[in-house]
Amino acid sequence: MGRNRVGQDQASHRKMIWTIGGGKGGSGKSFITTNVGICLSKLGIRVVLIDADLGGANLHTFLGISPPALSLSDFIKKRVSHLHEVLIPTAVPNLQLLTGAQDLLNAADAKSVQKRKLVRSIQSLDSDTALVDLGAGNSLSVLDFFLISDGGILVVTPEPTSIENTYRFLKSAFYRRLKQSVSSSSVKALIDGAMDRKNEMGIQNPYDLIKVARGMDEGDAQRMIEEIETFHPNLILNQVRSKKDIEIGFSIRSACLKYFGIRLHYLGYVVYDQDVSHSIRRRRPLVLENPRSRASQCVMEIASKLADSHKMSARFKGDEHQEH
Amino acid sequence: MSIKSIKDQTYYEVLEVSHTATPKEIQRAYEQAKETFDVDSLAIYSLFSEEEVREIKEAIEEAYRILIDEGLRESYDQSHFQTVGALPTEEPSEAQEVSDEKRTSLSFTGLSFNAEGEVYRGKALKQVRERMGVEPQTISKETKISVKTLEWIEEEAFEKLPPLVYLKGFLKSYAQSLGLDPQKVIEEYIRFMEESKNK
């Protein structure tokens, strides 16, 4: 698997899969997923929105359509033969909806093979990109899906509770990624222990962890460093009300660099706008209902950045094909 | 930068600037770092222990003290990197990226950090409005300020503007409709107007 700047793992030929997660319920993940998806589709990119919110899947409501009769479960349980049969068309050209992904992520026995099967199923869809709303969940399945996507996007509001939950999510994803990269069972156990700040080993932060791991298995410590250097989650700050709020995004980026050693990509921010709640109440996506509102402009700016990385990725893939 | 303890980081890494950073960039990076690790900063909430924050703040102050002083910086570079040729390969500077992003991609709503210290004179307000794609008619409808007055404000036709007390009210409403800081807009606009009149 290759790597890219804004994403994490990038497989060779596939479409871009972005996962939107972290933070806290109500931070605006579904709003951003829907509206960014619409903006991308307006830019000519074929988009599938995927609802995997364990807490309450309702992307259809954001799009103003009735609860869909068909979902991913119908495909998994072989009630339909092709995945594209469970795609719900929307009124927006280039935009389709897939619901029911949460059923798979929620399954207590969701094994990594099933998650990879889900990714492969998404990859097989006839579209250019997929945006997956993971909701505010923090389960291992959600973390894994965040990690195996091309780019994980954290949506946070400038409030202590939202930031705290985002860091909790990021820490869990970060340590899970490290754990998946090492082979020694003792180092795996060490990583599990390090998650608890009150651990007996005195490991306070990732730097301490690497130091202790180095004494146990030099190869694993090196692999962990490589994982840290290639882990670039993305951040969107939602409901900002002032310049100071916008700058919190830069501060979060700096704090992540100092604490985790990771380079977080600040994708952008969305201003607090009364039009957002009005549009949700009317079940009409903001970027369609009021494209000139300030929040719409912010969403469009974020979508443009994703579209750019989509183009870069397509170019990268083209180069790869030429090389082979 | 691979993961390092704050004690092992170079002063450049502490402030997240490149080795070729100008004093202005160092100053900005220092202010940004101080804000990030301020006791009330939301960005560090729940991530660092008090002890870690204290250590980082000390490192930021020390890095700034050395890098902002030309002589001390030169000695530091010599002792740490021996010769200029031994300086590590430049990576895109975090602080430079921040500064660029604040000026460009994050400026479209007018809420952005005014990195260049641009004064909110009429032309600047017009620029922000146009960037937002909003017509004067829309602002007029929202604020109840006549389109003509909005144009005079933007064109800096000071002689045609209403008395100060009304102008302040108009500037406040106009700034709010653009999502700008009303106090800052009023202060800077009036100051610019008075300076222009005195010329």
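Mentor: Helices (H or I, at least four residues) and strands (E, at least two) are DSSP runs, numbered from the N terminus. On that basis chain B reads α-α-α-α-α-α-α-α-α-α along its sequence, with 10 helices and 0 strands. Residues are numbered from 1 along each chain as its sequence is written, while chains are lettered from A and ligands numbered from 1 in the order in which they are written. The model is predicted: local features need pLDDT of at least 70, side-chain atom pairs count only at pLDDT 80 or more, and totals for chains, interfaces and linings use all residues.

Burial in chain B applies to 31% of its 199 residues; a residue is buried if 20 or more other C-beta atoms, placed from the backbone, lie within 10 Å of its own, exposed if 12 or fewer, and partly exposed in between. In helix α2(B), the buried residues are Ile26(B), Arg28(B), Ala29(B), Tyr30(B), Gln32(B), Ala33(B) and Thr36(B). This helix covers residues 23–36, and its end C-alpha atoms lie 20 Å apart, which agrees with the 20 Å that its 14 residues should span at 1.5 Å a residue; the expected span is 1.5 Å times one less than the number of residues.

Chain A holds 14 helices and 10 strands, and 52% of its 324 residues are buried. Two residues are in contact if their C-beta atoms, placed from the backbone, lie within 7 Å. Among contacts in chain A with a separation of 6 or more, 73% join residues 24 or more positions apart; for chain B the figure is 57%.

For the packing itself, axes are lines fitted to C-alpha atoms, for helices over the stretch in contact, and angles run from 0 to 180 degrees between N-to-C directions. Helix α7(A), residues 160–181, and helix α8(A), residues 185–194, have axes that come within 9 Å and cross at roughly 175°. They are therefore roughly antiparallel; that term covers angles over 145 degrees, with under 35 roughly parallel, 65 to 115 roughly perpendicular and the rest oblique. Tyr175(A), Leu178(A) and Lys179(A) of α7(A) meet Lys188(A), Ile191(A) and Ala194(A) of α8(A). These residues comprise 4 nonpolar, no polar and 2 charged, where Ala, Val, Leu, Ile, Met, Phe, Trp, Tyr, Cys and Pro count as nonpolar, Asp, Glu, Lys and Arg as charged, and the others, Gly among them, as polar.

A second pair is helix α9(A), residues 206–216, and helix α10(A), residues 218–229, whose axes lie 6 Å apart at an angle of about 150°. This pair too is therefore roughly antiparallel. Ile210(A), Ala213(A) and Arg214(A) of α9(A) make the contact with Glu218(A), Asp220(A), Ala221(A), Met224(A) and Ile225(A) of α10(A), giving 5 nonpolar, no polar and 3 charged residues.

Arg253(A) belongs to helix α11(A), residues 243–259, and counts as buried because it has 23 C-beta neighbours inside 10 Å. Beyond four places in sequence, Arg253(A) contacts Leu235(A), Leu264(A) and Tyr266(A).

As to confidence, pLDDT is the predictor's confidence in each residue, from 0 to 100. Chain A averages 85, with 87% of residues scoring at least 70. Residues 1–13 of chain A fall below 50, although this stretch has 31 contacts in the model beyond near neighbours in sequence.
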